[in-house]
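Have the viewer open while you go through them.

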Amino acid sequence: MQTLIRECLSGVPDEIEALARREGLDGRKMARDVVRGRIVVPANPRREHRLCAIGSGCRVKVNVNIGTSGARCDPDLELKKGEAALANGADALMDLSTGGDLAAIRKSILALDTTVGTVPIYDAVRRAGSAPDITADILFNTIRDHCRDGVDFLTLHCGVNREALASLRRDPRVMGVVSRGGAFHVTMMDATGEENPLYAEYDYLMEILKEEDVCISLGDGMRPGAVVDAGRQAKSVEYLTLGTLAARAQELGVQRMIEGPGHMPIDQITYNVKMIKELTDQAPLYLLGPLVTDIVPGYDHVSAAVGGSIAAMAGADFLCMVSPAEHLALPDLADIEEGTRVAKVAAHIGDTTRRPDKWYTEGERQMADARHALDWDRQFSLAMFPEHAKRIHERDGEIDTCSMCGDLCAVKLVRDILNEKKDEPSI
């Protein structure tokens, strides 16, 4: 079976041409960037769905995590969450389920018309019974099953190796390891004394992914889970490993993107993003957050949006939604809706700096004109979330200004003065 990279080597596939038009890019350039690994299009050939392009020159995309837990398992609710995320602008979903019939839940989410990712080690832990009991065979068989179910991209923590664990012990962190996948691999290595099989048998993993034409998302298992841990060694050791693994994947013809970098102070975001990009030859970067402060539980989605906007400006390509329930509970439907909207705002802010010709001058200028004219219908038509804006405006009745200013509207007053001056004859 032809992989997307191989197809792009011999021409411009129809799906790449269509995606390029949607992004306002040249199809031949997009095909070249897929071959170079600057753009990925996660698209499992076993399943048809709406595709998205992630990477150089493309709009910043938003992923939303859904899925059951052992404490709260309602597959129907997770499906509704996925539908709500897509209705609010999500470009992709990840099924992080750990409770219930994982195969059935995964297949129901895969029926949605969108790009879908998973983290196979979650499923492998349930199959094995516990993290220390996971074997290489269980893990690789689980990966194959996810590919054959139609999953488009897999988060695989190949960089959580013995060297990364040694760096964590040399330079301890307050939060240790906060990535579930990273923690499972650390537990496996500690129990067996052996290397992470995804690292030790990386070329075999690439054979599986190439055969199935599935994109690997090289997981950030050593990401800092608190801003006070951002300067510790473990994440940087993992960056270096991911750079080597990203190059090997590209060499073998497997699409790959990189995950990172976790919680960190706002002034560290740009150089961390640029470091990852440099080490991975500008591979698409997928990140959660980064969260820039840890003392706002209930508003972590806002902390993440601040960090995500800066990261996108610096070169990040794919933002993972953080919900208001982050660090507190499994998100409910309202959390998913709110988190998705805030992540979309962050992605748009990133786009205004990455693509000012397309994403800044058009929409932003049109909104300014509509506000200047006090044209409320036009403002709502331009709004990212029009119904929400309309509900707020109309709650104090229909007036030609906003109810905060009323008859003291600065826009209306100065507009009238400037318009009068325009009508005066020049001397």
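1. Searching the whole structure turns up 24 salt bridges, counting a side-chain nitrogen of Lys or Arg within 4 Å of a carboxyl oxygen of Asp or Glu. Keep in mind that this is a predicted model, where local features need pLDDT of at least 70 and side-chain atom pairs count only at pLDDT 80 or more, while totals for chains, interfaces and linings use all residues. Residues are numbered from 1 along each chain as its sequence is written, and side-chain values use heavy atoms, with hydrogens and water left out.

2. Take D190 and R169 as one of these pairs: their closest N and O atoms sit 3.3 Å apart. This pair links distant parts of the chain, with D190 in helix α9 (residues 180-192) and R169 in helix α8 (residues 162-170), 21 residues apart. Helices here are DSSP runs of H or I with at least four residues, strands are E runs of at least two, and both are numbered from the N terminus. D190 is exposed at 52% relative accessibility, and R169 is exposed at 56%. The scale is: buried under 20% relative accessible area, exposed over 50%, partly exposed in between (1.4 Å probe, protein chains only).

3. E251 and R248 also form a salt bridge, with 2.4 Å between the closest N and O atoms. Why are E251 and R248 separated by about one helical turn? Because they are three residues apart in helix α12 (residues 233-251). E251 is exposed at 60%, whereas R248 is partly exposed at 25%.

4. D400 and K412 meet through their side chains in a salt bridge of 2.9 Å, N to O. D400 is in the loop between α18 and α19 (410-423) and K412 is in helix α19, so this bridge ties together parts that are 12 residues apart in sequence. Both ends are partly exposed: D400 has a relative accessible area of 43%, and K412 has 30%. As for a network, salt bridges with shared partners join R106, D123, R127, D145 and D149.

5. A surface patch of negative charge gathers D375, D377, E387, E394 and E398. Patch members have over 30% relative accessible area and no salt bridge, and like charges are joined within 9 Å. Asp and Glu count as negative, Lys and Arg as positive, and His and the chain ends are not counted.

6. Is H49 buried or exposed? H49 is buried, with a relative accessible area of 11%, and it lies in the loop between β1 (39-40) and β2 (54-55). Its side chain joins that of D152 in a polar contact of 2.9 Å; such a contact is a pair of N or O atoms within 3.5 Å, where within protein one must be able to donate a hydrogen and the other to accept it, and residues adjacent in sequence count only if both atoms are side-chain atoms.

7. Check two cis peptide bonds. G260 and P261 are joined by one with omega of about -15 degrees, and P261 lies in the loop between β8 (256-259) and α13 (269-279). G289 and P290 are joined by another, with omega of about 0 degrees.

8. Finally, positive phi. D213 has a phi of about 55 degrees although it is not a glycine, and D213 is buried at 10%. H327, also not a glycine, has phi near 70 degrees but is exposed at 53%.

Notes. Patches are made of residues with over 30% relative accessible area and no salt bridge: like charges are joined within 9 Å, nonpolar side chains (Val, Leu, Ile, Met, Phe, Trp, Tyr) within 5 Å. Accessible areas come from the Shrake-Rupley method with a 1.4 Å probe; for residues, only the protein chains shown count as cover. The place of a charge is taken as NZ of Lys, CZ of Arg, CG of Asp or CD of Glu.
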